[in-house]
Amino acid sequence: MDRTGPIEAQDTDLLSAAAVSRLREHPRFRAAVEAFAAGALAQYEREDTATHWLHRDLGRSSLYLGAILLDRMPAGLTFAGLAEMAVHRDVCSRGRVLAFVQYALATGRMVVAVEPGPWSRRRLSLTPAFLAPMRERFIASLNATSIVAPEVAETLPRLASDEAVRQVATAMGTLLAVRPELNRNPGGALRQVFIARD
């Protein structure tokens, strides 16, 4: 990769230490990082109160992504499944998952299926209002990324579809699952503050 060209297609691991080092040397890397931060702040200002609440801390943000991932699974999204995932990954308690789901239902972000069986195992469907904020976040991220990798801009029109938003979220979730070092943090009390507090 030269210092001004797009990310090379022959790079097999775009997140390797060498690839990241080359990216940091790009003359517009700082501009891309600043655009990413500015886009995130602008998106936050545009979002409504319900979306703010659902993304208020790392715990809820993790539930937001987890809900999209489970929604694409054959078993679908249920309160029980989301709670199990949250406890297994040490994201938050079942009580916080319940509050998240109840708030999403009350604000029209989720709809529970009318079917027999315990409420906790009934299928939850995500509405366009749930997916829209994730779409806007992806668009802001890709716009910033296009400063150093112009080829990603051609993917932006595809995000008009809810299914594309689900696909990108799934790819992101899968990447974080198989490459945990991308989301590593020191843990301890400080981590808990950001997971469990506004």
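Biologist: How are α2 and α7 oriented to each other, roughly parallel or roughly antiparallel?

Modeller: Keep in mind that this is a predicted model. The general idea is that two packed helices are described by the angle between their axes and the distance between the axes. Here the axes of α2 (residues 29-46) and α7 cross at roughly 160° and come within 8 Å. Angles over 145 degrees count as roughly antiparallel, so that is how α2 and α7 lie to each other. Their crossing is right-handed.

Biologist: Which residues of α2 meet which in α7?

Modeller: On the α2 side you'll find Ala 32, Ala 35, Phe 36, Gly 39 and Gln 43, and they meet Pro 133, Glu 136, Arg 137, Ala 140, Ser 141 and Ala 144 of α7. By type, the residues of this contact split into six nonpolar, three polar and two charged.

Biologist: Now the core. Which residues in the largest nonpolar core touch the most other members?

Modeller: Out of 31 residues, those are Leu 82, Val 97, Phe 100, Met 110 and Phe 130. At least two core residues come from each of α4 (58-71), α5 (79-88), α6 (94-106), β2 (124-126), α7 (128-145) and α8 (162-178). With seven residues, α4 gives the most.

Biologist: What does Phe 100 touch?

Modeller: Leaving out residues up to four places away in sequence, Phe 100 touches Trp 53, Leu 54, Arg 60, Leu 63, Tyr 64, Leu 82, Met 110 and Phe 130.

Biologist: And Ala 149, is that buried or exposed?

Modeller: Ala 149 sits in the loop between α7 and α8. Buried means under 20% relative accessible area; Ala 149 has 0%, so it counts as buried. Ala 149 is also 120 residues from Phe 29 in sequence, with their C-alpha atoms 9.9 Å apart.

Technical notes. Residues numbered from 1 in each chain as written. Predicted model: local features only at pLDDT ≥ 70, side-chain atom pairs only at ≥ 80, totals over all residues. Heavy atoms only, no water. Core = buried A, V, L, I, M, F, W, Y, C linked by side-chain atoms within 4.5 Å. Buried < 20%, exposed > 50% of the residue type's maximum accessible area, 1.4 Å probe, protein only. Helix = DSSP H or I, 4+ residues; strand = E, 2+ residues; numbered from the N terminus. Contact = heavy atoms within 4.5 Å. Axes fitted to C-alpha atoms, helices over the stretch in contact; angles between N-to-C directions. Parallel < 35°, antiparallel > 145°, perpendicular 65-115°, else oblique. Left-handed = near helix turned anticlockwise from the far one by under 90°. Nonpolar A, V, L, I, M, F, W, Y, C, P; charged D, E, K, R; others polar.
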